[in-house]
Amino acid sequence: MHLGERPRRHPDDFTLLRHVASETTPQEREEIGGHIALCPRCASREREMDLLDLQLSEMALEELCESMPLPDGDPFRLRPSGLRNPSGGRPSMASVFASLPAAIELRDRLLSTGHDELCRLPIGSIDGRLALVFALHEGHARVGTEPRTWLVFAERAREHFEKWASNREPRDGESSATAAVPDGDLRAHIHLLLGQGHGWTANLEAAGQHLIAAYRSLREASQVDLLAAWIELEEALRRALLGSYREARVLAARASATFRSWHLAEEAARGRALHGVLESGLGSEELSAEHPCQGSGKRGAASRSSTTSRGGC
Ligand SMILES: [Zn+2]
């Protein structure tokens, strides 16, 4: 490597791009990192490259959608673009941070005292909404071990939320709460958990309905990209189990592109792995025979259990 021989030399664009995309060897990494630490010019180029890398990842997603389209009428054909300006209000970061301790306490109560606490959850407040999102995150991570428990939780969350949504009146304070956590985000999380729960209990039909509802809710959501990718990954798994391998591959590739652009290496690898398995045409019988709900199938268990390590978003 030329940098090894001439460490004082500025790395070329291609090398720097590979460095930003974490595609360099450990030795290159050390050399380039050392150079950048001492060279303001290259440090500034590195920041530009970082941005370019992100744009490339986003472009890859658009190209993917164009070059590997899903059939007309498929609810997953186009990824929803989400809210530009949620609820017309702007979330105040100060009020979100101020609500965090209360939200975490509420979440812990939701998770430990069972689901009755849900009926008392103040959905119109920032801490209530954050607590629900946090609890649903726990659900996404743990649904594989206790699918029925989480199905009940998600179902009650949905009832409670929809009841609140149909009775609400515009009030002061609610706009900052819904700006911080828009309805679409809550609905998408709830339906994703319902989709996961039904997937784990082998009700693929119901799972599909909820994943579609989750995807549609993104039109009213603010955290669109990551939520979309998680929903797509779940739907990819579901379609693979139904034998629609090509569509599953398209969705897995899309999800992976988003995780990559967010530098979520583990999630991206999960999407790539599913895509790779499907592309190699690895035993279709194997895929359909080993259903995740049995928990014994190697592939099913491996792909399902990987969702348990899902990080926060
Ligand atoms: Zn330099």
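**A helix pair**

Guide: Helix 10 and helix 11 cross in a left-handed sense, where left-handed means that the near helix is turned anticlockwise from the far one by less than a right angle, and right-handed that it is turned clockwise. The model is predicted, so local features need pLDDT of at least 70, side-chain atom pairs count only at pLDDT 80 or more, and totals for chains, interfaces and linings use all residues. Residues are numbered from 1 along each chain as its sequence is written. Helices are DSSP runs of H or I with at least four residues, strands are E runs of at least two, and both are numbered from the N terminus.

The axes of helix 10 (residues 183-200) and helix 11 (residues 204-217) come within 7 Å and cross at roughly 165 degrees. Helix 10 is therefore roughly antiparallel to helix 11 (angles over 145 degrees count as roughly antiparallel, under 35 as roughly parallel, 65 to 115 as roughly perpendicular, the rest as oblique). Axes are lines fitted to C-alpha atoms, for helices over the stretch in contact, and angles run from 0 to 180 degrees between N-to-C directions.

On the helix 10 side, the residues that meet helix 11 include Gly-184, Arg-187, His-191 and Gly-195. Their counterparts in helix 11 include Leu-204, Ala-207, His-210 and Ser-217. Contact requires C-beta atoms, placed from the backbone, within 7 Å. By class, nine nonpolar, seven polar and one charged residues form this contact of helix 10 with helix 11; Ala, Val, Leu, Ile, Met, Phe, Trp, Tyr, Cys and Pro count as nonpolar, Asp, Glu, Lys and Arg as charged, and the others, Gly among them, as polar.

As for the whole chain, it has 16 helices and zero strands. Among its contacts between residues at least 6 apart in sequence, 71% join residues at least 24 apart.

Technical notes
Two residues are in contact if their C-beta atoms, placed from the backbone, lie within 7 Å.
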